[in-house]
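Let's take a walk through this structure together. Keep the 3D view open and follow along as we go.

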Amino acid sequence: MNAPAAVARRFAPEIALVIVLVVLPAILPYIGGTYDIANRILDWGLFGLGFDLLFGFTGLLSFGQAAFYGAGGFVAAYILVAPFTGNAVVALLVGTVAAAIIGVIIGYLSLRRTGIYFAMLTLAFGEMFVFLDFSPLARWTGGENGLSGVPEPHLEFGIFSIDINDPAGLYWLLVVIFVVGFWLARRMIASPFGAVLRAIRENGGRVAAVGHDVPKYKMTVFVIAAAYAGLAGGMLGLLQGYMPPDAFYLDTSGQLVVQTIIGGAGTLIGPLVGAAVWLYLYTLLQNIAGIGALWKMILGIIFVLLVTIFRRGLCGGAVVLWRRLRARPAPAPDAASAGAEPTRTAPESRRSTQRPPPTGPVVLATRNLTKRYGGLTAVDDVSFELREGEIRAVIGPNGAGKSTFFNMLANVIPPTSGTIEFKGDDITGLGATLVCQRGISKSFQINQIFPSLTVRENLRIAVLARTYGKFRASMLRAVDRDAAVNAGIDAAAAAVQLDERLDTPAAELAYGEKRRLEIGLALATRPQILLLDEPTAGMSPAERVDTVRLLRRIASGVTIVIVEHDMDVVFGLADRITVLFNGRKIAEDAPDAIQANPDVRAAYLGSQATHEPA
Amino acid sequence: MGLTIIFGALGVVNFAHGALYGLGAYAGFVTYEYTDSFVAAMADGAAFLLVVGIIIERGLIRLYYQRPAEDQILVTFGIGIVLVEGLRAIFGGLNRNMPAPSWAAGIVNLHVTLYPTYRIDVLAIVAVALVVLYFVLYRTRLGLIVRAGIEDQLMVNILGINVTRTFLTVFGLGAMAAGLAGVINAPITTVSPDMGADILVQSFVVIVIGGVGSFWGAVVGGLIAGEILAITAMIQPAYSQVMLFAAMALVLILRPQGLFGAEGRQ
Amino acid sequence: MSLLEIDAINTYYGEAHALFDVSMRIEPHEVVALLGRNGAGKTTTLKTMMGVMAPKSGAIRFNGQPIGGLPPYKIARMGLQLVPEERRIIGSLTVEENITLAGLSEPKPWPPQRVYEMFPRLGERRRSRGRELSGGEQQMLAIARALVREPQLILLDEPFEGLAPLIVQDLLGICRRLADEGRTIIIVEQNVEAALSLSHRCYILNNGHVVYEGTPRNLRDDPDFMHRHLGI
């Protein structure tokens, strides 16, 4: 494709947007619109750009965006009314920054929780601003009367200045701001930062487990949304010549949510479209006698229907349709992962692996690792050393403490006492994210992947953590053009044999492929130590054999600890086996020796004493 | 006033989350219906809400149990809008006044201050309601099922009890409590379609402070919130509401699961 | 007609295939042990029987009635009861309330007195909350809770797990008493000795497949086989 066409393709949405917005004034009179309505729609659209980043892409539903909208608006308005300056540019900037600062505070308080609690917290803090506005700060905000006397925009850019004194002028100003805001938001979404955000929405836990500092990402997008809101609020004051107190109201936050859903969350344009629908319904229905007063109720019903049945909103639905029309038929999944032939007879005596015994340096060690839960000791004083390049299996009967021990190795749970050392450094209690950054990665027993992202996008999240560290506010470069990242993705996909499926959404993979992706995610962080939690869980006998082969291939260059119940898998892979029983290590040896060990045999058949009572 | 907070506690000694958003709408909804006999108003308000609550749960909410939390919030929010707007459409947007019943009118001299009789009565009604609620939860079979169901829904199912039907009841009860709260509150504030929004926020603050899933937590939370409001109102009225939020923020930072909270979600 | 028949069932955890064409039958008055390593599918089998999980294919019949896909509470009312692996005592309820709860949907439940006769320890602690009980007491309560419903078939999932030997002996005695009374029991246990000592017949699961069906004696005659599937 030649350069101009390539550029056109990349910027297609912006170009389309500009065309629509430029043409709109010409059509306005025919569709019963005015500049004023258009301006309001654009303002809501701007407000919504930030919100869509927060909710549509990162999955954080906030009902308190009005706080930032109002704050930014009143700060900007006050600056102009006081007047501290006549330059609207300065006023808007200050307003935006003020909103962002408030965003940091509220974000810090609200992001401590998730889901419903987060939503309610944002709602509560949003309401707090209503009260703040009315009482203590009424002197500056005009309380119930709002702040009037906002002058027409006078924009100074150093040398030259622009004066805007009609709705048409305001329209073009808003168009510029919106298009720039849209472009910025799109770049953010296409950046590494954006990729992580989208993954957080799907499975925040896994994002943290592959080494990203999820709280920082959430806080950053929260502040960005606040900034957009603040800017939109400032523009509202300029639009109306007056800053109304209802900018702070719950209604405003709610309207934003409804508009975004109707237009389609996760599309960036959704809020704009939703605002258009809202305002049009309002003006349209007002004039129809009888149901004029019902317009909001009708809107509410549409909203409920959309959320229930058709979740993508207008734009979202269009995008889905578009993708379906363009999609190629997916290649058939592996034959190996389809179906299961149960083997009725156990295989013959197991042969252990032919690998030479590990002699490298100790890379991972635990000393007297203990975990107690109240009166119950799950892991009791386990000391353990892992050598570079080894494949170690940890086995034991039910309740032996394997999972607890394993989760401590992965730094998912902190020990009650004892330490864990990684290449000589104490990593006890660092947490899974930091430990992953250092080089220890875990794959989960139950698939923790990102279902609506493609295999490529899945692996990308893990590779990003390795390439960029636990947090990088890299918002402007396009992540799909990053050579280092792409190389990492290709390598990981090849290692787990998913290179043919890179562009398939993870949800469409067969179970065995998903399991491979699961391992691939851990591998993509290029760990030195790979912790595998029951990698063959839920697999048919054929799949198990394949998995063992795959793991043997991966094993060169990585040290592996595997928790497993399937003894064939264990014997097919392990160099050494550590046996836990009642939380204690009762044996650690080569596979053949373990198999012959009488204590181990007795432990499995349960003829030894069991736990102390809780 | 603090009493209002306790109403929040009533509606929100709550079991099924998600009803929260509807709460506000319900409160408004009911109060409009009846402007005659107060006792009848209360009873009708409560019963009507119970029915509405059940209908809504059956019809819509139950589709959402498997859906992510955000969807549940959105749908209850949407239902709230529809109900509030429906109210506005039927009754108009102006505020109405519902007078206190004649048997509760007048003023009581409390030595410290003069206090409307109705509010004392309200306190009494709330106390009674709380006692009734306690009784139901701790002394009846239904209460037993509910308490067990909150803790381990599956096990209750295994023991032969149809838990979904119970949760339906719980949702209905929550709605009913909200309706009751709305009616009782009506003479104190004005009645309008939007009256629910305040209650919504205040009840949420109560939950955060008191902790989720705990009967006593809600009560204590309500009392604390009420006290904060009352005390700050005497000192510096402008800041009273804000102080409430500050208290909530404090609890969040220091003890995220609330004073009595059972779960610590993160 | 067997009391319970499961016929080529395949159960999945999401997409993970946990049971592969598993078939079993349980006759009235017999104690059947279900053995196997961790992750073999024993608990999954019991959960499928109780309706906690629905099989994707295959049939389950209880007293000839198909029960596959029914919710647990309906299956409970037909006469099955599960004593789950984690015991799942309702911690915030007292012992007595736990017992009452169990009997709510049963037309003729055991009165608490009868429970306390069989489990004196529970009688002593009847006012204690579930979470205040020791592991052994919780297990007793879990079994008592099942008995309250007079089930035709009791599913015991790892009743001896995590308990001190003395308590295990106590519980073993209780189980023996139940067996002697002619109750039909399926017991899942990793404590192979204990399970075999109680049972008339046993099944072994490995990686979701049934690899053995027979008597404890025949199993004991082939220790290598036992170690292959149950040990290492």
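Start with one pair of residues in chain A: A:Asp533 sits opposite A:Val563, which belongs to strand 12 of chain A. Before we zoom out, keep in mind that you're looking at a predicted model.

So what surrounds that pair? Strand 12 of chain A covers residues 559–563, and five bridges tie it to strand 11 of chain A, residues 529–533, with the two strands running parallel. If sheets are new to you, strands in a sheet pair through backbone hydrogen bonds, and they can do that in a parallel or an antiparallel way. Now look at the whole sheet: six strands of chain A make an open sheet, in the order 10-11-12-7-13-14, and the pairing is mixed. Which strands form the edges? They are strand 10 (440–443) and strand 14 (584–589) of chain A, each of which pairs on one side only. On average, neighbouring strands in this sheet are turned by 20° against each other, if you ignore direction.

Helices pack on this sheet too. Helix 15 of chain A, residues 402–409, touches strand 7 (391–395), strand 11, strand 12 and strand 13 (576–581) of chain A. The direction of helix 15 makes about 150° with that of strand 12 of chain A. Then there's helix 23 of chain A, residues 598–605, which packs on the sheet by touching strand 13 and strand 14 of chain A. Its angle with the direction of strand 14 of chain A is about 130°.

Time to step back and look at chain A as a whole. Chain A has 23 helices and 14 strands, and its C-alpha atoms fill a box of roughly 90 × 55 × 55 Å along the principal axes. Of its 614 residues, 53% count as buried. Take the contacts in chain A between residues at least 6 apart in sequence: 75% of them join residues at least 24 apart.

How confident is the prediction for chain A? The mean pLDDT is 87, and 93% of the residues reach 70 or more. Two stretches of chain A call for some care, though. Over residues 331–349, pLDDT stays under 50, and the model has 34 contacts beyond four places in sequence for them. Residues 608–614 also stay under 50, with 27 such contacts.

Next, find helix 14 of chain A, residues 313–326. Its 14 residues reach 20 Å from the first C-alpha to the last, close to the 20 Å expected at 1.5 Å a residue. A:Gly313, A:Leu314, A:Cys315 and A:Gly316 in this helix are buried. What covers the buried residues of helix 14? The cover includes helix 11, helix 12 (270–286) and helix 13 of chain A.

Now see where chain A meets chain B: the contact takes 33 residues from chain A and 33 residues from chain B. On the chain A side, the elements giving two or more residues are helix 6 (115–134), helix 11 (250–263) and helix 13 (295–308). Helix 6 of chain A gives the most, with 12 residues. By class, that side of chain A has 22 nonpolar, seven polar and four charged residues.

Finally, hop over to chain C and its helix 1, residues 42–50. Nine of the nine residues in this helix are buried, so helix 1 of chain C is largely enclosed by the rest of the structure. Among them are C:Lys42, C:Leu46 and C:Met50.

Technical notes: Residues are numbered from 1 along each chain as its sequence is written. Chains are lettered from A and ligands numbered from 1 in the order in which they are written. This is a predicted model: local features need pLDDT of at least 70, side-chain atom pairs count only at pLDDT 80 or more; totals for chains, interfaces and linings use all residues. pLDDT is the predictor's confidence in each residue, from 0 to 100. Two residues are in contact if their C-beta atoms, placed from the backbone, lie within 7 Å. Two strands pair if DSSP finds at least two bridges between them. Helices (H or I, at least four residues) and strands (E, at least two) are DSSP runs, numbered from the N terminus. Axes are lines fitted to C-alpha atoms, for helices over the stretch in contact, and angles run from 0 to 180 degrees between N-to-C directions. Ala, Val, Leu, Ile, Met, Phe, Trp, Tyr, Cys and Pro count as nonpolar, Asp, Glu, Lys and Arg as charged, and the others, Gly among them, as polar. A residue is buried if 20 or more other C-beta atoms lie within 10 Å of its own, exposed if 12 or fewer, and partly exposed in between; C-beta atoms are placed from the backbone. The expected span of a helix is 1.5 Å times one less than its number of residues.
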